Amino acid sequence: MNCATLSSTSRAESPLVSAFRQTLPIILGYVPVGFAYGVLAQKSGLSGMNTILMSLLVFAGSAQLIAVGLFAAKAAPLAIVATTFVVNLRHLLMSAALAPYLRGWSKSRLALFSYQMTDETFALHVGRFARGETGPGETFGINVIAQSAWVGGTVLGLAASTLITDIRPIGLDYALPAMFIALLLGQLKSRQHLAVAVVAGVLSTVLMLAGLDQSHVLAATIIAATIGLGVHAWTSRQSS
């Protein structure tokens with residue numbers, strides 16, 4: 001099959017099919033992690049209805065897992081709200097990064113989009129929007145499919161919670177890193193991107209072994225991105 005055939009096939013692909021194809025790595029990560037959340041929520045004493053409602057209304061994987069842990073520890077409601085708020089502050093930066101591409105959208109459409117945005121869908125959208133792919137059909141298709149996978153995993157976890165006493169032997173904790181690796185591969189467009197990714201991974205590991213347990217990923221990301229930006233600016237000057 002030549003490039004022209006591939007191009008025409010891509011153009012003929014419906015927005016929903018395209019959304020599903022792009023969201024597949026997220027689905028493979030969200031279902032097992034949502035499953036783990038459903039099991040943990042049930043074990044912590046959260047009712048089945050509230051567990052599902054949290055996946056429908058909050059839809060924030062790390063914040064939900066943290067909230068369940070705090071709930072199990074009998075933390076005060078204000079402490080749970082404040083903690084999840086701080087955890088999700090990164091959405092301010094993600095929204096700011098995508099805002100220039102969505103200037104023509106109505107406020108109601110922006111509100112719906114922001115409600116369903118997660119780290120993983122952001123990783124997809126930032127690449128799509130940079131290529132000019134801002135169509136609402138495919139965009140919301142990605143968001144809805146991703147949230148459906150998360151809610152589906154939650155329901156499965158609730159159903160199986162009486163049969164599972166410990167999720168660690170199942171290896172569900174690896175689903176999230178595996179999903180991010182799959183999303184990262186789609187973002188590597190040049191050797192510079194690959195180099196930055198490798199530097200960030202190695203540096204994060206070194207910082208963690210050095211004792212920076214809580215912020216090694218954030219620190220490594222900032223340092224590697226800064227190095228990558230500097231190298232890109234230097235190579236651009238050399239070529240001009």
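This is a predicted model: local features need pLDDT of at least 70, side-chain atom pairs count only at pLDDT 80 or more; totals for chains, interfaces and linings use all residues.
Residues are numbered from 1 along each chain as its sequence is written, and side-chain values use heavy atoms, with hydrogens and water left out.

**View A. Helix α4 against helix α5.** Here α4 covers residues 61–72 and α5 covers residues 77–87, and they pack at an angle of about 155° with axes 9 Å apart. Helices are DSSP runs of H or I, at least four residues, numbered from the N terminus. Axes are lines fitted to C-alpha atoms over the stretch in contact, and angles run from 0 to 180 degrees between N-to-C directions. The pair is therefore roughly antiparallel (over 145 degrees). On the α4 side, S62, A63, I66, A67, L70 and F71 make the contact, and on the α5 side A79, I80, T83, T84 and V87 do; contact means heavy atoms within 4.5 Å. Sorted by class, that's 8 nonpolar, 3 polar and no charged residues (Ala, Val, Leu, Ile, Met, Phe, Trp, Tyr, Cys and Pro are nonpolar, Asp, Glu, Lys and Arg charged, and the others, Gly among them, polar).

**View B. Helix α2 alongside helix α4.** With α2 spanning residues 15–43, this pair packs at about 15°, axes 9 Å apart. That makes α2 roughly parallel to α4 (under 35 degrees). The crossing of α2 and α4 is left-handed. Y37, L40 and A41 of α2 meet Q64, L65 and V68 of α4, a contact with 5 nonpolar, 1 polar and no charged residues.

View C. T134 has a relative accessible area of 24%, so it is partly exposed (buried is under 20%, exposed over 50%, and partly exposed in between, using a 1.4 Å probe and protein chains only). T134 and Y101 sit 33 residues apart in sequence but 7.4 Å apart in space, C-alpha to C-alpha. Leaving out residues up to four places away in sequence, T134 touches Y101, W105, F129 and T139.

**View D. S161 in the loop between α9 and α10.** Helix α10 is 175–187. S161 is at 2% relative accessibility, so it counts as buried. Setting aside residues up to four places away in sequence, S161 touches V39, Q42 and K43.

Conventions:
Helices (H or I, at least four residues) and strands (E, at least two) are DSSP runs, numbered from the N terminus. Angles under 35 degrees count as roughly parallel, over 145 as roughly antiparallel, 65 to 115 as roughly perpendicular and the rest as oblique. A crossing is left-handed if the near helix is turned anticlockwise from the far one by less than a right angle, and right-handed if clockwise.
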